[in-house]
Amino acid sequence: AAFAAAKQKLFVAYYRRALPRFLKVCELLAAGAIGALSGVNYRHMSLPPNVDPARIAWRVTAHDGGGGLFLDLGSHLLDFLDFCVGPLQDVHGSAAQAAADYAVEDTVAMTFRTATGVPGTAAWNFASPIPDDTLEFLGSAGRISLTVFTGDPVRLETARGVEQFDLPNPPHIAQ
């Protein structure tokens, strides 16, 4: 309403749902490439981005960023899941400040069900020196895996073998 009143446009940066690699995942799921969907799992582990402190400060300041890096990064995964297998239901989670030296949560864990009732889990750990960014869709006949924040190929594993779909992100992504 504020943007409409000011005659300004409002943009939300949930563009992953329109990127070819994410659309490919939705296409594979809809086509039954892994059979009946039986589970969704996501893991994100990283240290806070190594950028200019002035640029990251809002993400790790409770007053400005609320829930820290989770609100900045986790929302992109949640938007994609909602787009592809959602809306998510029975969402439960917890968050804690486990290891970081700033005053916002650095670990978040959640469980959910897809729109069709398939259980899923997701976990974010922003205090880990071991990086991981893995989203898996498990099915009765295979698995689809991909990364959310890098342009690695989408991987389809079935009894027929492994097929990869190299669909790079546009060069301007996240700029």
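Analyst: Helix 5 has a kink of about 35 degrees, centred on Ser75. Keep in mind that this is a predicted model.

User: Which residues make up helix 5, and what is its reach from first C-alpha to last?

Analyst: Helix 5 runs over residues 69–85, which is 17 residues. From its first C-alpha to its last it reaches 24 Å, close to the 24 Å expected at 1.5 Å a residue.

User: How many of the residues in helix 5 are buried?

Analyst: Of its 17 residues, 13 are buried, and helix 5 is mostly covered.

User: OK, charges now. How many salt bridges does the structure hold?

Analyst: The structure holds 8 salt bridges. One of them joins the side chains of Asp79 and Arg17, at 2.7 Å from N to O.

User: Where do Asp79 and Arg17 lie?

Analyst: Asp79 lies in helix 5, and Arg17 is in the loop between helix 1 (2–5) and helix 2 (20–30), so the pair ties together parts that are 62 residues apart in sequence.

User: And Asp79, buried or exposed?

Analyst: Asp79 is buried, with a relative accessible area of 14%.

User: What does Lys24 form a salt bridge with?

Analyst: Lys24 pairs with Glu27, and the closest N and O atoms are 3.0 Å apart. Both residues lie in helix 2, 3 residues apart, about one turn of the helix.

User: Why do residues three or four places apart in an α-helix point the same way?

Analyst: An α-helix has 3.6 residues a turn, so residues with that spacing point the same way.

User: What are the relative accessible areas of Lys24 and Glu27?

Analyst: Lys24 has 18% and is buried, because the cut-off for buried is under 20%. Glu27 has 46% and is partly exposed.

User: Moving to the strands. What does Arg43 meet in a salt bridge?

Analyst: The side chain of Arg43 meets that of Asp132, at 2.8 Å from N to O. Arg43 is in strand 1 (residues 37–45) and Asp132 in strand 5 (residues 132–139), so this pair ties together parts that are 89 residues apart in sequence.

User: Which residues are in the network with Arg43 and Asp132?

Analyst: Glu136, Arg143, Arg155 and Glu157 are joined with Arg43 and Asp132 into one network, through salt bridges that share partners.

User: And how accessible is Arg43?

Analyst: Arg43 is at 34% relative accessibility, which counts as partly exposed.

Technical notes. Residues numbered from 1 in each chain as written. Predicted model: local features only at pLDDT ≥ 70, side-chain atom pairs only at ≥ 80, totals over all residues. Heavy atoms only, no water. Helix = DSSP H or I, 4+ residues; strand = E, 2+ residues; numbered from the N terminus. Expected span 1.5 Å × (residues − 1). Bend = angle between axes of the 7 residues up to and from the residue. Buried < 20%, exposed > 50% of the residue type's maximum accessible area, 1.4 Å probe, protein only. Salt bridge = Lys/Arg side-chain N within 4 Å of Asp/Glu carboxyl O.
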